[in-house]
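Okay, thanks for making time, everyone.

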Amino acid sequence: MSIGHTLLGLLESGPRHGYDLKRAFDEHFGQDRPLHYGQVYSTMSRLLKNGLVEVDGIEAGAGPERKRYAITDAGVTDVAQWLHRPEKPEPYLQSTLYTKVVLALLTGRDAAELLDTQRTEHLRLMRGLTERKRKGDLADQLICDHALFHLEADLRWLELTAARLDKLAQAVNA
Amino acid sequence: MTPAGSLLAARDLRKAYGRTSALDGVDFSVHPGEVVAVMGPSGSGKSTLLHCLAGIVRPDSGTVHYDGHVLTAESDARRSALRRRDFGFVFQFGQLVPELTCLENVALPLRLNGAKRRAAEATAREWLGRLEVDDVHGKRPGEISGGQGQRVAVARALAVRPRVLFADEPTGALDSLNGERVMTLLTDAARDTRAAVVLVTHEPRVAAYADREVVVRDGTARELAGTA
C-alpha cells in the first residue's frame, strides 16, 4: 500500500494534524497493521518536500509543536493520478509451494503430505477470517473477503496439484 | 453404541456401484452442535457418504450409529421415520414442492410429523423470518430467486429442529453474496439449536464455515491434522 498517497487522500477532506491522520488511517486501513507515528511524520516530511502538502498552521502546546497539514493542488492531482492508475496484477508465477512440491518429488519425499499440511494451514486461516467476517462490520467483511478469495485460489491449486501428483512425478523424474 | 460424545458415527463404510467402489472403508463422526465439512473432488464419494450417514443408502458393509441406534440395522420404515423426525436436508436445488407456497413448503415436514396446520404454519413463519425471507411466504418457488429459494429450503430443513442437518452443496447454485448469507444463517441457526451439520462441499470458502474438515479421496476419508 502506498502510505503517502493514502495520507494525501485523507487530507483531501480538510487539513489535519499528524495524530488525526494516523487515527483516520488506522480506522479505515490499519486493522491489522496500525501506522507508527514515525511513519506518519517521515511520510509528511517527504510530501512537504515534494510540494504535495503544506503546513496550514502550527499549534504550540505543552509538548512539541503540532503541525497541521493541508493538501496542495499538486497533491490533489497526484492522488487522482494514483487512484486512476490500475494496480499491476500479481503474476503469481514464482510459487514457493510449487518449488516445494517439485523438490519433494525429486528427493523422494511425500509431496501429498506436504500439500495436505499446507491445505490445513490455509483452511485454518480461512476459518479465522470467516469468523472475523461473521462478527465484523462491512469494512471487515470486504477486507476478509479479499484474503479469502486469494486463499481459496491457493486451495484450488493445492487440490489440482494433488490430483496431478503422479503425472508431475513422472515429468520431474523423467 | 455411538462412540462417546458423537451423535452420528460411521465405521468402515464400504459401498460400491457395480464394479465402482464409492466408499472404501470410511470412518466418520460428528458431535452435537458441530459443523463438519466433507470435501473432495467430484466422484470421490462424498455424496455417497452423506447418503449412507443419513440412512438414504444402505452401505454394503460397515455401520452407522446414530444416538444409540445402529442405523444400518434398522428397517427401511424405521429409517424413514427417523429421517423425517431427526434429520434435515438441504440440497443444491430442486427440493421445494413447486405447487406449494413457501410457507406451505416449510410447514410440510412439520405436518408430516403430526403438527396441526396452525401450529405448523406459525413455526414455518418464524423460520422464514429467521432466514430473512418472511416476505415470500405466500409465493411459490417458481416466483422467487434462487437465493430466496435456498433460504426457504434451509428454513424447511431447520423448522423440524433436526438433530442432524445434512447439507449437500447448499450454495452450489448461488452467487457469492447469497451463498455467504445462506451459510451464515444456516450455521448460526444450527449452532443455536445444537444441530450437528454434515456439510458436503467442494468450495473452500464454504468449508471455512465448518469447525473441521474431512477430505474424501478415492472412497477413503481423511481428517486433516489440526483442523479440529
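**Chain A, then chain B**

So, chain A: its secondary structure comes to eight helices and three strands. Helices here are DSSP runs of H or I with at least four residues, strands are runs of E with at least two, and both are numbered from the N terminus. Before I go on, this is a predicted model, where local features need pLDDT of at least 70, side-chain atom pairs count only at pLDDT 80 or more, and totals for chains, interfaces and linings use all residues. Residues are numbered from 1 along each chain as its sequence is written, and chains are lettered from A and ligands numbered from 1 in the order in which they are written.

Reading chain A from the N terminus, you get α-β-α-α-β-β-α-α-α-α-α. It's divided into domain 1 (3–84) and domain 2 (96–173), with bounds that come from an automatic or database domain assignment. The centres of those two domains of chain A, taken over C-alpha atoms, are 38 Å apart.

What radius of gyration does chain A have? The answer is 23 Å, whereas a compact globule of 174 residues would have one near 16 Å. That radius is taken over C-alpha atoms, and the globule rule is 2.2 Å times the number of residues to the power 0.38. Along its principal axes, the C-alpha trace of chain A spans about 70 × 35 × 30 Å.

Buried residues make up 20% of the 174 residues in chain A. A residue is called buried if 20 or more other C-beta atoms lie within 10 Å of its own, exposed if 12 or fewer do, and partly exposed in between, with the C-beta atoms placed from the backbone. Of the contacts in chain A with a separation of 6 or more, 50% are between residues 24 or more positions apart. A contact means that two C-beta atoms, placed from the backbone, lie within 7 Å.

Now over to chain B. This one has seven helices and ten strands. Its radius of gyration is 17 Å, which agrees with the value near 17 Å that a compact globule of 228 residues would have. The C-alpha trace of chain B spans about 45 × 40 × 35 Å along its principal axes. Buried residues make up 46% of its 228 residues. And among chain B contacts between residues at least 6 apart in sequence, 69% join residues at least 24 apart.

Let's do the sheets. Six strands of chain B form an open sheet in the order β6-β7-β8-β3-β9-β10, with mixed pairing. Two strands pair if DSSP finds at least two bridges between them. At the edges of this sheet are β6 (87–90) and β10 (220–223) of chain B, each pairing on one side only. Neighbouring strands in the sheet are turned by 20 degrees against each other on average, direction ignored.

How do β3 and β9 of chain B run? They're parallel, with four bridges joining β3 (residues 35–39) to β9 (residues 212–217) in chain B. If you want one pair to click on, B:Val38 has B:Val214 in β9(B) as its bridge partner.

Helix α1 (residues 46–53) of chain B packs on that sheet, touching β3, β7 (164–168), β8 (196–200), β9 and β10 of chain B, and its direction makes about 150 degrees with that of β8(B). For these angles, axes are lines fitted to C-alpha atoms, for helices over the stretch in contact, and values run from 0 to 180 degrees between N-to-C directions. Helix α5 (residues 146–159) of chain B lies across β6 and β7 of chain B, at about 170 degrees to β6(B). In the loop between α5 and β7 of chain B you'll find B:Arg161. B:Arg161 is partly exposed, with 15 other C-beta atoms within 10 Å.

There's another open sheet in chain B, with four strands in the order β2-β1-β4-β5 and antiparallel pairing. Its edge strands are β2 (20–30) and β5 (69–70) of chain B. Strand β1 (residues 8–17) of chain B pairs with β2(B) over eight bridges, and B:Ala16 stands opposite B:Ser21 in β2(B).

Last bit: where the chains meet. The contact takes twelve residues from chain B and 13 residues from chain A. On the chain B side, helix α7 (residues 204–207) gives the largest share, three residues.
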